[in-house]
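Hi everyone, thanks for coming. Please bring up the model on your screens, and let's walk through it together.

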Amino acid sequence: MILEAAILNVKPGQEPAFERAFREAKPIIASMPGFISLELQHCVEEKSRYLLLVQWKRLEDHTVGFRQSSQYQQWKKLLHHFYEPFPIVEHYERVNDA
């Protein structure tokens, strides 16, 4: 399992619109092969910051399957204009013996 993590800095004042757009976009990513789960968390200290956590079966399910799909274009159209700066996305895997 791969965990995708991204800190989303939303343009101040756009938080309600972003959250509405995210609710609309969520089924897009959830329909992708290899998708396991998604969590969007709102930062307590920074009103316009969110943490996106997505679980994928394999790294390629996100980097190839989703990012190179036509569905990703719809995801981008709904969400990418809210970000400033554009988020850095990282991928993590569990350390089994820690």
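Let's start with helix H1, residues 15-30, which lies across strand S1 (2-9), S2 and S3 and runs at about 175 degrees to S2. Contact here means heavy atoms within 4.5 Å. Helices (H or I, at least four residues) and strands (E, at least two) are DSSP runs, numbered from the N terminus. For the angles, axes are lines fitted to C-alpha atoms, for helices over the stretch in contact, and angles run from 0 to 180 degrees between N-to-C directions.

A quick word on the source: this is a predicted model, where local features need pLDDT of at least 70, side-chain atom pairs count only at pLDDT 80 or more, and totals for chains, interfaces and linings use all residues. Residues are numbered from 1 along each chain as its sequence is written, and side-chain values use heavy atoms, with hydrogens and water left out.

Now the sheet. In what order do the strands come? The open sheet has 4 strands in the order S2-S3-S1-S4, with antiparallel pairing; two strands pair if DSSP finds at least two bridges between them. Strand S2 (35-42) and strand S4 (89-93) are at the edges with a single partner strand each, so one side of each has no neighbour in the sheet. On average, neighbouring strands are turned by 20 degrees against each other, direction ignored. S2 is joined to strand S3 (residues 49-56) by 7 bridges, and Gln 41 has Leu 51 of S3 as its bridge partner.

Helix H2 (residues 59-66) lies across S1, S3 and S4, at about 150 degrees to S4.

Back to H1, and its helix partner. H1 and helix H3 (residues 70-79) pack at about 175 degrees, with axes 9 Å apart. That makes H1 roughly antiparallel to H3, a label for angles over 145 degrees. Among the residues making this contact are Phe 18 and Phe 22 of H1, and Trp 75 and Leu 79 of H3.

Let's stay with Trp 75. Leaving aside neighbours within four places in sequence, Trp 75 touches Phe 22, Ala 25, Lys 26, Ile 28, Ile 29, Phe 66 and His 80.

Finally, the core. The largest nonpolar core has 23 residues, and Phe 18, Ile 29, Phe 66, Trp 75 and Leu 79 have the most contacts inside it. Such a core is a set of buried Ala, Val, Leu, Ile, Met, Phe, Trp, Tyr and Cys residues joined through side-chain atoms within 4.5 Å, with buried meaning under 20% relative accessible area (1.4 Å probe, protein chains only). H1 gives the most to this core, with 6 residues.

Technical notes:
Angles under 35 degrees count as roughly parallel, over 145 as roughly antiparallel, 65 to 115 as roughly perpendicular and the rest as oblique. Buried means under 20% relative accessible area, exposed over 50%, partly exposed in between (1.4 Å probe, protein chains only).
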